[in-house]
Amino acid sequence: MVKLNVNGRTVDVDAEPDTPLLWAIREQIGLTGTKYGCGVAQCGACTVHVDGVATRSCALPISGITEGQKIVTIEGLSPDASHPLQKAWLELDVPQCGYCQSGQIMAAAALLKETPKPTDEDIMREMSNICRCGTYNRIKAAIKQVAGTAG
Amino acid sequence: MNAIDLSRRNFLVGASAASGAFTLGFTIPFGDEALAQSAAPEVNAWVVVKPDDTVVIRIARVEMGQGTLTGLAQLVADELDADWSKVTTEYPTPGQNLARKRVWGNFQTAGSQGIRQSVVYVRQGGAAARMMLVQAAADGWKVPVAECSASKGVITHKASNRTTTYGKVAEAAAKLEAPKEPALKDPKDWTIAGKSLKRLNQGGKVNGAQVYSIDHKMPGLLNAAVKDCPIWGGKLKSFDASAAEKMPGVKKVVQVENAVAVIADTWWRAKTALEAVKFDYDPGEHGKLDSAAIAATLKAGLDAPEAFVGNKQGDADAAIKGAAKTIEAVYSVPYQHHATMEPMNATARYTPEKCEVWTATQNAEAALAAVSQGVGLPLDKCDIYRLDLGGGFGRRATSQDFARQAALIAKQMPGVPIKMIWSREEDQLHGTYHPITQCKLTGGLDKDGNLVGLKMRISGQSIQATIRPEGLDKDGRDAFTFQGLNPGGAEGQFGYTIPNLLIDHAMRNPPVRPGFWRGVNNNQNAIYTECFMDELAASAGVDPLEFRRRLMKNHPKHLAVLNAVAEKGGWGKPAAPGVFRGLAQHMGYGSYVAACAEVSVNASGTLKVHRIVAATDCGHAVNPRQIEGQIEGSFAYGLGAAMLQEITIKDGQVVEQNFDTYPILRMDEMPAVESIVMPSGGFWGGVGEPTIFVAAPAVLNAIAAATGKRVRNLPIKNNDLRKA
């Protein structure tokens, strides 16, 4: 049994220690907004925050996380989808299929926390998540809108 | 004539027969069977109005990111004169469709047909519902229906100054006879369709609430991880699951045809246990197949005497023989995988009385047929419940192997719902890949640089021969191979008039399973023709735009989109230092598209695509903003393939098993996209795919302008782009 702090709640997770955080979140805790895409930290669909840092949860075993570390998933980013990025995503109609967007938003939220006024280069460096529908330009526009750097 | 035998044929013919089961012979009735009893009154099959005035529009096609669900709802709502803010949607199941004599028509969502193929009957559904609702109000007021009007879900009788709402009269309307041929609005009178409305159902995509197929939950659900024989044509001889069976959470290990599935309480435990299973395969006759052997087979086809003819005018051989100058080039395009973000998956529950499957599919009717055939229950004892797709791009359109496999697994634990998820590796290994082809082009120029003859020999794989042989012509020709190269027709007409022309196809079918991949054969056909047009222009010493214009006098719509991108893209004007431009045009899926790309290549040969101006004439634009999204998205998909992606084969199996070896275009490689949506009216073209055709050739032509090097073998990453 491993204790994890997810979205402000401490939960007991009955899973083998080498279980990736992604699957503990999806299958033991039952939060399915965080997605499986590749299992090898390539695509970023599984991005969550661990102590505020964007982390690819598919390649992080739960044995590597302490009870004191705060995990935030897309469901915990804001109580009512009111995070400025979530609002901007809707305003600019960013999602197409939407499958990668949880990870995209979590990556963007971590970026803006660290760098509130990112340059285009900052955005392109930090936003390495894959989107097969190709919504990249609207994602970039939404981030810049929130950062107040849209021009 | 197939150089490589098709050993998967038996299985694939079965699957394709299933997928083709419903493709013909449906009519669209709006009569008696359209009326059914339900909690909220169903005005007709397409429209349900609840007492609180919520309008539920039934959607036969599926949403996978391309915006079709919103577009179809706009079209129905517009004819209905509904209040858009009160519109919601729902998917009927294929079982319901079957039970109601296919009242919703075709469910297939592919070929950029979601809207254009159903645009008449869905609007008739909305118009008929409006007429019935207004009639019901008029009957209630005992006034002539002609004195009543409807707007935004409110019905008004002006003379007596009375109003009512759709919700209040829906029950009475549902009892009325449906009008037979309701008149449709002129698109210029649209108030909901034609507008850049936001998509429906976006909220759940930003807070994690959207339920994709992989997220489906049910009481008592178990999970399955699966590994199918990875070798094309290979067989599972035996397996040893003794270690896996003892691992935590494992309930059962089962064999399903050539696959082994571990069923466990969680998917992660199932996958972990699957890795402990030992497999023994009979590699079969293709166990040593590799990409070099496939390439050699295709190369031989470039000069083979026999080929299927796609487009023939005059005498190309004679014209080229007599030409002042002859140019020849050979191009190749590799296998590519769809790589949907959400890997294939399905949840199934089987009992001897009923088999139910919850899944993400582009064709729920084909999935129903595949499941029915797989588990051996009649169609009316099976059903498919559609969940959101984490991408489709064609992978979930034709082959419903994932739904069938999940049902077969569930059959081994009757009564228990089992969710089968393919790992990314399994998804990469068992795709329906964009077919592999090569093309030899030979052109003849007269002394003035005019193109007097063109030969285009395509050698390579036919999609239909492998997965849908009933779609071939009587003589075995696959008409799909010639997408965009046809002499006429509304679907994809060749945009050049060349007096002596021969386009033909030497069919060569390796055992690697092909499929319909966003844009399908238009993609490589546009690369072959549009890159070679630039080669011919260069040889003739003529500007590529001017060279094309000379051949396009009889093709005004093709020319209009090309001119539009040339103008907006700044063709003929200086670009930024180090930046070079390339053009391309093509027609497919009923739409005319063109692109002007701007690229630079630095001293170390690194390519940067800066900007692409794209134009599409899709006849009518249901939602311009969503079309812009499809243009951008299709470029990301098409450029990723052109720049980065190839599926190669070694020892009879796919080499690239995850995104580390099958790279996907990312944000830092995405160009700025400027869209010109220029619907000229009078026809309905698709928008989900067409612009993808021109992404790669426009960029390849710009690369040639930048470097003096002509990339003829894709992907681009395999080429040294440093200046010659």
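User: Hi! Quick one to start: is B:Tyr589 buried or exposed?

Analyst: Hello! This is a predicted model, and in it B:Tyr589 has a relative accessibility of 5%, so the residue counts as buried, the cut-off being under 20%.

User: How many aromatic pairs does the structure hold over all chains?

Analyst: There are 17 of them over all chains. Take B:Tyr335 and B:Tyr433: their ring centres are 6.3 Å apart and the planes meet at 70°, so this pair is edge-to-face.

User: Where do B:Tyr335 and B:Tyr433 lie in chain B?

Analyst: B:Tyr335 is in the loop between strand 14 (325–333) and strand 15 (345–351), while B:Tyr433 is in the loop between helix 12 (424–429) and strand 19 (437–445). The two are 98 residues apart, so the pair links distant parts of the chain, and both residues are buried.

User: Nice. What about the rings of B:Tyr589 and B:Phe693?

Analyst: That pair is tilted, because the planes are at 40°, with the centres 6.0 Å apart. B:Tyr589 lies in the loop between strand 22 (580–588) and strand 23 (591–601) and B:Phe693 in helix 18 (residues 692–707), so parts 104 residues apart in sequence are tied together. B:Phe693 is buried too, at 1% relative accessible area.

User: Switching topic: where is A:Cys100 found?

Analyst: A:Cys100 is in the loop between helix 2 (84–91) and helix 3 (101–114) of chain A, and is buried at 3% relative accessible area.

User: And which residues is A:Cys100 in contact with, leaving aside neighbours within four places in sequence?

Analyst: Those are A:Ile130, A:Cys131 and, from chain B, B:Met341.

Definitions and conventions. Residues are numbered from 1 along each chain as its sequence is written. Chains are lettered from A and ligands numbered from 1 in the order in which they are written. This is a predicted model: local features need pLDDT of at least 70, side-chain atom pairs count only at pLDDT 80 or more; totals for chains, interfaces and linings use all residues. Side-chain values use heavy atoms; hydrogens and water are left out. Helices (H or I, at least four residues) and strands (E, at least two) are DSSP runs, numbered from the N terminus. Buried means under 20% relative accessible area, exposed over 50%, partly exposed in between (1.4 Å probe, protein chains only). Contact means heavy atoms within 4.5 Å. Rings of Phe, Tyr and Trp (its six-membered ring) pair if their centres lie within 6.5 Å; planes under 30 degrees apart count as stacked, over 60 as edge-to-face and the rest as tilted.
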